[in-house]
Amino acid sequence: MGGFKLYQVIGRKAPTPQEPEPSVYRMKLFAPNEVLARSRYWYYMHQYRKMKKTTGEILDVNEIREKNPRIVKNYYVMLRYNSRSNTHNMYREYRDLTLTGAIDQLYSEMAGRHRARPRSIQIIRTGIVDPKDLKRPATQQFAAKGLKFPLPHRIMRPSQKKFRATFVANRPCTHFQ
């Protein structure tokens, strides 16, 4: 599974003569597509509100996109996952342009470090962390003020195709200060 998106799913119990206006429930879910978002909605509603797909209806499904995907932000994710032996709660921090990018990192890391499949991971809460409130050293080191990434080995490319040459008389200088 890859390329997770954030969906908002709104649903309720189907109206009956005993309950003509049932409560409406909104849930934000990460899923690769709309079909799996609906499926996860019913999975959680059955756990928390004893509602099933057969007794309920989905009113709306929307994809929520990042407001500004050009700025790097620090995200936190609170999750619960089932390991081979037990259920564990966890707090994670990621640095990314979008929340869905941070969630992709989360699923990759949980698969690599803990052998946790996406179906065994339940994301409880997500949000943006202020750089001074970061807890993990892995994210703190990149949130430092004045951090720069030098580019020591750059290879100069010709500006146009007509200036390209297969063989040149001098060796290229690739080290710059």
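**Strands, domains and pockets**

Colleague: How many bridges join strand β1 to strand β2?
Modeller: Eight bridges join them; β1 covers residues 5-13, β2 covers residues 24-31, and the two run antiparallel. Strands (E, at least two residues) and helices (H or I, at least four) are DSSP runs numbered from the N terminus, and two strands pair if DSSP finds at least two bridges between them.

Colleague: What should I know about the model itself?
Modeller: It is a predicted model, where local features need pLDDT of at least 70 and side-chain atom pairs count only at pLDDT 80 or more, while totals for chains, interfaces and linings use all residues. Residues are numbered from 1 along each chain as its sequence is written, and side-chain values use heavy atoms, leaving out hydrogens and water.

Colleague: Back to β2, which residue there is the bridge partner of I10?
Modeller: R26 is the partner of I10.

Colleague: And in which sense do β1 and β3 pair?
Modeller: Antiparallel, over eight bridges, with β3 at residues 56-64. There G11 stands opposite I58.

Colleague: Where are the domains?
Modeller: Domain 1 is 5-64 and domain 2 is 73-141; these bounds come from an automatic or database domain assignment. Their centres, taken over C-alpha atoms, are 24 Å apart. Eight residues of domain 1 are in contact with nine of domain 2, where contact means heavy atoms within 4.5 Å.

Colleague: Why does the largest pocket lie between them?
Modeller: Because domain 1 and domain 2 both give residues to its lining. A pocket is an open set of points on a 1 Å grid over the protein atoms alone, where a 1.4 Å probe fits and protein lies on both sides within 12 Å along at least five of seven lines; lining residues have an atom within 4 Å of a point.

Colleague: What volume does the largest pocket have?
Modeller: About 920 Å³, counted as the space filled by probe spheres set on the grid points, which are joined across faces, edges and corners.

Colleague: Which residues lie nearest its centre?
Modeller: L6, K28, L29, F30 and I123, out of 38 lining residues. β6 gives the largest share of the lining, eight residues.

Colleague: How does that lining divide by class?
Modeller: Into 22 nonpolar, five polar and eleven charged residues. Ala, Val, Leu, Ile, Met, Phe, Trp, Tyr, Cys and Pro count as nonpolar, Asp, Glu, Lys and Arg as charged, and the others, Gly among them, as polar.

Colleague: How much space lies in the second largest pocket?
Modeller: About 270 Å³. Its lining includes I155, F163 and C173, and by class it has eight nonpolar, one polar and three charged residues.
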